[in-house]
Amino acid sequence: MVSCKHIFILLSLFLLSTVTAGSAAENIAIRAGNILTISGGVIENGIILVEDGKIKALGQEVVVPDGARVIDAKDKYVAPGLVDAQSRLYVIDGELNESRAVAPELDILDAVDPFIKERQEVLAQGVTAVCVAPGNRGLLGGLGAVLKLRGAKTAKEMVLRTNVAVKGAIGISRSNQSSSLTRLENYSSIREALLETQTYMQQKRKYEQELAEYEKKKAEKKEQAKSNDQQADKGDSASRGAKDKPTRPAKPGTNPTYEILARVLGKEIPLQIEAHRVDDILNALRLADEFDLCLILDKCTEGYKIADQIARRKVPVIVGPVSTSFLDMPALEYRNHDTRNAAILSKKGVKVALGVAGRDGASSKFIALAAATAVANGMDRQAALRAITLTPAEIFGVANRIGSLEVGKDADMVIFRRHPLDAFAQVEMVLIEGKIVYERK
Amino acid sequence: MSGSDTGTSRRLCPKAWWALLTILSLSLCAGPAMAGADRQSLVIKAGVIWPMTGSAITNGLVIIENGKITAVGTNLPIPEGAKILEMPDKQVMPGLIDGHCHLGLSLAAFAEIEETVSAVTPDMQILDAFNPLASDVTKALRSGVTTVLLAPGYKNPIAGQMAIVKLPGGKKDAGIINRSAGVKFSLGNEALMSDRRPTSRPGLLAQVREELNKAGQYQEGKFDPRAEILKRVVQGQLPVHIYCNAVDEILAAIKIIDEYKLKAVIVGAREGDEIAEMLAERNIPLIYMPTILASQDKDLKRVGRIAAAGVKVAFASYAPRTNLSDLRTSAIIAAKYGLAPELALKGLTINAAEILGIAQRLGSIEPGKDADLVILSGDPLELTSGVEMVIIDGNIVYQKEQK
Amino acid sequence: MRACAIWLTFFSLPLMVTSVSSAQEKTVAIKAGEILTVSGAPIKAGIILIQNGKIVDIGTTIAVPQDASVIDASDSVVMPGLVDAGALPPVRGDLNEQSSEITPALRISTALDPKSKVLKRIVQTGCTTLYIAPGGANLIAGLGVIMKPVGKSAAELIIKDDAALKIVMGSDSTQGNRIPWYEPPTTFYYRRPTTTMAVAWMLRKSFFDAKQYIASHEKEDPNMEIIAAALQGKIPIRVAVRRAIDIRTALRIANEYGLQVILDECTEGYKVAEEIAKKNTPVVLGPFYYYPRTSSQYEEGREVNWNNAGILAKAGVRVAIASNSQEGPRFAATQDESVDLLTAATFAVRHGMAPAEALKAITLTPAEILGVAERVGSLENGKDADILILSGNPLAATSRIKLVILKGETVYQID
Amino acid sequence: MKFKFCRALISVSLIAGTVSTLGYAAPVRKKLAIKAGKIITVAGPEIQDGAILIEDGIIKAVDKNVEIPWDAEVIEAKDRVVMPGFVLAHTSNGLDAQNENVPEVPFLSTFDSIDPVSPFFEDSLRDGVVAMLVLPGNNTLLGGTGTVVKPYGRTVETMLIKRYSGLKISLAPPVQQTLRYMDGRYSYQSTASVSRMGQMQRLRRYMAELKDYLEQYEQRKKDAKEQEKLFDEEIDPRKQPMIDLSNGKLTAFIYCGIAADVPKAIEIQETHNFNTALVLGTDGYKAADLISKKKMPVILDPQLVVWETNEETYAEEMKVAPAIFYKAGVKFAFQADTSEYGRRYLWYQAATAVRYGVDRAEALKSITLYPAQFIGIDNRFGSIESGKEASLVFLTGDPLDAQTWVDKVMIGGEIVYEKAKDLRLKKLLEKPKPEEGQQTSQDKNTD
């Protein structure tokens, strides 16, 4: 009977692929019992109309155009695809970090393996997008990206947005040892890098001015030369032309490290700093104040102790792991970990996203469980659901595409049999951009 | 209390039981905090009661007197002067039982439990390393776990004696149920070291057999504490908890169990599903590894298959490897991936109690059993439902602060 | 897909045992283009009849019963399943008990992993009978086991436990050992032997002790029991030797104690072929170092000859070709790193061995050396139905194994 | 260079005995005719009892019945199969060291590192290889340029076929092997201090800097012209190879350690449009359809058969790279490695491919014509056609038969190897003379 099952699975996969191929063009209308549009409350007995991968319309009175494929989910919940903000899915083991301490120009996309097997499993739990970022072994580890769980052969086809943030880390223990000195060192060397970037930018500006001047001078010289030629009486024009020739200013070499950090300083790319202990978090905040950065706090293990300050700064926080059980062996910085962290922060009004921060890629499938755990420890149900859909999308600047069910957004949605945060909320169907990528048999 | 009598009491006549109980109640009375609490009776009115032995009771009540449950059911006569807890929207279940953990050790837990100088240390007692006032113990009450089995480490083929204790709830003395609840063996590859015997799997198994044979031939008189303990193991007085995960490890364990007719429990058993029926026909119970440590679907589905094959399964947290509060999470994940929900609940309570041999006192809400209860905000198999209150021996040892 | 299904029935179904027993009732007939019986002459267009996992009849004119399920291999070559007299152990971790140099009682069979990938791969390379030995890092390494590659538990796998006692001479058994020179010994690696002399000396000593032990029965010593049994010829002895000098030493010691040994590896056997033949000592060749690879080979000063097998066979030595791990004395290699038997035999022939000899050397000869020739090793009535079906001549680089039958059951088949 | 030459001479005199052919110094005949039992032209159909006419080392005609001029020397090979000599599209053997430990060294050339007396060349010649591209190892991002040589000659100059051809790019981080304890067994693991991210980033950085450099160079040139100065600045020779790569003078041999590197290699190819050949790792077959879309030439890992565990059934399934690429319609060439004896012969690799379902003709092409095309010497090597160089192997039987030996190797019309005179092979295959006294002494102390 197992062999039958096996055959069946293959078959269903085959069918699935055909379905995906078919449903590419056609419109889909979902009759849903409960539509959890995160952004605009719950719509009961509504209809979602999907047209070429986008949400065309949703609401209680939406006319279903004939020819549209109608999916019946009357007694079910429809929610936007879940997002794991601290995922390792697709990333090759041991490729999370470069040995160099400050390397913000590294791109996690280069460490992505499109041929992994886990994708389907994670998809089957309703996760449609993950944010992957470099690890915490580098002070400035590199650029993160948001990937969609499409079946794709290259990273380019999966990626939703690149350069979503530069991942940094302060006060990470090495081989379960940490000292205030290393903390200081981490903080100051990140700061140094930013200062150097500023000087680098100044030099660049300086060069541009000089270049402009030089061009001007050259133009003048040309004029002079011309005029000299016109009044061509004496033969000393050459000697005059020869003297004080403008020299072209030397172009400073472009440095990718500083180029990226410049964009960070320009608030174009946020800085995502992983900090666990209170002092580290405070250091991160200080950095943000000094250079007026767009900061994202990662992990933020002891955030609950200074929730007010974080709230006052209006800094978004990615809390995770909700429970240290998701880690392989909790390191020193998790000593004061508290499962109520997310709840406390969000109650204080901090913008909280949740991540699994699991031990491997496949553990991204636990994102709903993580949220549920947060709820059990006092987080508001709505907030928790938002923290694994819209909030991460906002934090990583993809809220215009995913994170909630709104007209015009990508049709990345999941049909649950029960509320997504229920332990036994069976995922019935997953759509990514209007294509059915998973369907429970 | 001396180690031996409590150690054997499990399998001895009820007389010894009374002895034990008196000892225990005494030890409990010692705490001035609950001197009063013990005498007065407590009544819990809850939306749902999960007795574990029977079906769930809606809008029922549990009556507790002197730290024992005296009655469970709907509309029972309430004894006068009883303190009544009205919790119509809450659900009550027996205190959770953790089948295998390393709680209450120093921060470097995994250094504390590995006595790797010698590979064979059955005479070690984990209880000697247990600190009831350690931070993780005091925190632990939030998780709804009331009873834990403390075990030594994984690196010794014959690691030492395990203990079963109730969480003290801030009291100095842990409610010790059984000082030596059995000997832990480790047949996993963790037990191999490059610079100590054994270095190989055949060598590991050879050594275990060697020790058991020695114990079999051990005659009283000449003092050998190790053989002393192992003799009781070989005679089946003392159960063994054999840690093994891969198929070959489990097969090796089964072989040794058969050869020496051991009274055994298998701990870990990650790949147990592939030989589940062998475990079933020998009815060897399992204390399954924390499912939260797995992430691949094919691994998450295993425990369900094992239980389906008719093996009795309980859960463990390996704390501090995983949080005590995720004992329930592990059970829920197991249920989510195919374990029958009611088996998941029993695995946390009554089945665990039976596997650990403490079912006479714990694991269900029945008259005569210890009043170790957990009050949850919702369905015990929903992660979203949090622990509201924990009661041990009729005393409220944890209560969620109300905001 | 089909192969998967078959795999399933053999590795994933908990009910495999029952399924086999039920299946064994039926009769299977193989219509073969050519049958290489190994024991006898090849049979063109023959039929093999299988009942209850045994071969009941072979010939050209056989009436196939109606109820028999027929496997049509009329375009293929059929030969007995391969016998690997030195296969990769399906055992995880260190293959040696390093805590002592002399561990005769170490039974590799206790640590078998029936679910091991190694076994699943070995089946696909055509091996249906394996000899598994402990690693080569101890002087007296322990006891090997003869097994089939398919089964749910060790009990189902094992054909014969305590099949042979493995002894290792040459550099491997001295590897890592140190003399407690000035500093006090801190690990158990401070011990003999550290030289070739000491290897021989310790070997003699343990045999001497065993003799003493036999003489005086005062106390139980599992290790001594084993060596004594070997000394009395109850357990065959297999000595892993590479250099000619070690081979001679081995033969000499065997002579001194009147032992009948089997030589493993025997990389320089070609140099002393006559002596080996004179003692009529069987040889299990492999791993094959056609070019020096590891440094230890240089240290040993081993010299390779590609035609080792051929020369030994010509000199009248009973030669078996085994795959064996090339990974070194301590850990099992993966199947990728080792050589499958057919390839080894093919190259043996390329380098000068007679094809018939080579074919014997991977089927019947190892079966004889292992002492299971009455069950496996050739296609004869009454033997286990362990059968390979190949697309062509087994010794051709371009022919492929299409079907593997183990005890009458199809365990591998290409889709 | 002089030193190298002397070294070569000395060592040659040392091994003069072993490879007799080195002593064999026949001048190239003007006209040569080979009467072969069977000719596998690769380009066309196989010819039974045909003849090959050669003039000054160039094939003039190949056919069933060529009329042989009276002054041609005739080589009788009635019982032989004659086919084009094998071509090795990618190897890092025969070098004194394979990798430079600086990431970006495109300006290095294996020409300066090839060791003519390395036994590797001797072995290759014995195995019928007539041309090979020697490239730096896989541990350097921009490893340097390669050299096409024939495995015959006393100095690099005499071996040389084509200098400065192919540039090695490695997307896999440098690997230092260490023994680790992984799921129950010890296995070698890479502990790279740099990551794949880093490799890509360094490459991008290098290309950006190169672009900068060229722009400024042009700018300076323009300025000089404006200011009527003479401009004698040379292009930085260290940058030249990458420049040649960008303008198509060189081919990039991009090493993809794992399948995940293939998309990146393709990205590089698209952004810089290098003409690219992929050197794959063992799991490269996962990206077969990607590659087939791009119609890129592929050089397979020496290990052709790998095992994969089926997630559903736990069954171990064989994956055979050549078969997969053949189905996907990708042109591939084989590598030979020195680790294991089966894999070190190109003919055996081809035979393996055929065993698992690759068409015979395709398999033969993939050890002759295709590699020649990949390394850009197919105008001279890779098939038996008039106009091409007479670099042939004389086989005792079918090339894919394990019992076949290379009897003769001809490079450029000159017989450079003969099995009959190969003393080393003799030594490897024949029984040595018993040493004096051994036997007797044995008899004494064993009886």
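Two residues are in contact if their C-beta atoms, placed from the backbone, lie within 7 Å.

**Ground rules**

I'm working with a predicted model, in which local features need pLDDT of at least 70 and side-chain atom pairs count only at pLDDT 80 or more, while totals for chains, interfaces and linings use all residues. Residues are numbered from 1 along each chain as its sequence is written, and chains are lettered from A and ligands numbered from 1 in the order in which they are written.

**Chain C, domains**

Across the boundary, 19 residues of domain 1 of chain C are in contact with 19 residues of domain 2 of chain C. On the domain 1 side, I noted that helix H1 (2–11), helix H2 (16–24), strand S14 (401–406) and strand S15 (409–413) of chain C give two or more residues each. Helices (H or I, at least four residues) and strands (E, at least two) are DSSP runs, numbered from the N terminus. S14(C) gives the most to that side, with 3 residues. By class, I read this domain 1 side as 16 nonpolar, 2 polar and 1 charged. Ala, Val, Leu, Ile, Met, Phe, Trp, Tyr, Cys and Pro count as nonpolar, Asp, Glu, Lys and Arg as charged, and the others, Gly among them, as polar.

**Chain C, a helix pair**

Next I checked helix H5 (residues 196–215) and helix H6 (residues 222–231) of chain C, whose axes come within 9 Å and cross at roughly 95 degrees. Axes are lines fitted to C-alpha atoms, for helices over the stretch in contact, and angles run from 0 to 180 degrees between N-to-C directions. H5(C) and H6(C) are therefore roughly perpendicular to each other. The cut-offs I used: under 35 degrees is roughly parallel, over 145 roughly antiparallel, 65 to 115 roughly perpendicular, and the rest oblique. Among the residues that meet here are C:Phe207 and C:Ile214 in H5(C), and C:Met224 and C:Leu231 in H6(C). I get 8 nonpolar, 1 polar and 2 charged residues for this contact.

**Chain A, another pair**

Helix H4 (residues 180–230) and helix H7 (residues 278–291) of chain A pack at about 15 degrees, with their axes 11 Å apart. That is why I have H4(A) and H7(A) down as roughly parallel to each other. The residues that meet include A:Arg183 and A:Tyr187 in H4(A), and A:Asp279 and A:Phe291 in H7(A). This contact has 5 nonpolar, 1 polar and 4 charged residues.

**Chain D**

I counted up chain D as 14 helices and 21 strands. Buried residues (20 or more other C-beta atoms within 10 Å of their own) make up 46% of its 447 residues. Its domain assignment gives domain 1 (1–85 + 382–447) and domain 2 (86–380). Here 26 residues of domain 1 of chain D are in contact with 28 residues of domain 2 of chain D. What supplies the largest share of the domain 1 side of chain D? I found H1(D), with 6 residues. The residues of that side divide into 18 nonpolar, 5 polar and 3 charged.

Note on methods: Buried ≥ 20, exposed ≤ 12 C-beta atoms within 10 Å, placed from the backbone. Domains from an automatic or database assignment.
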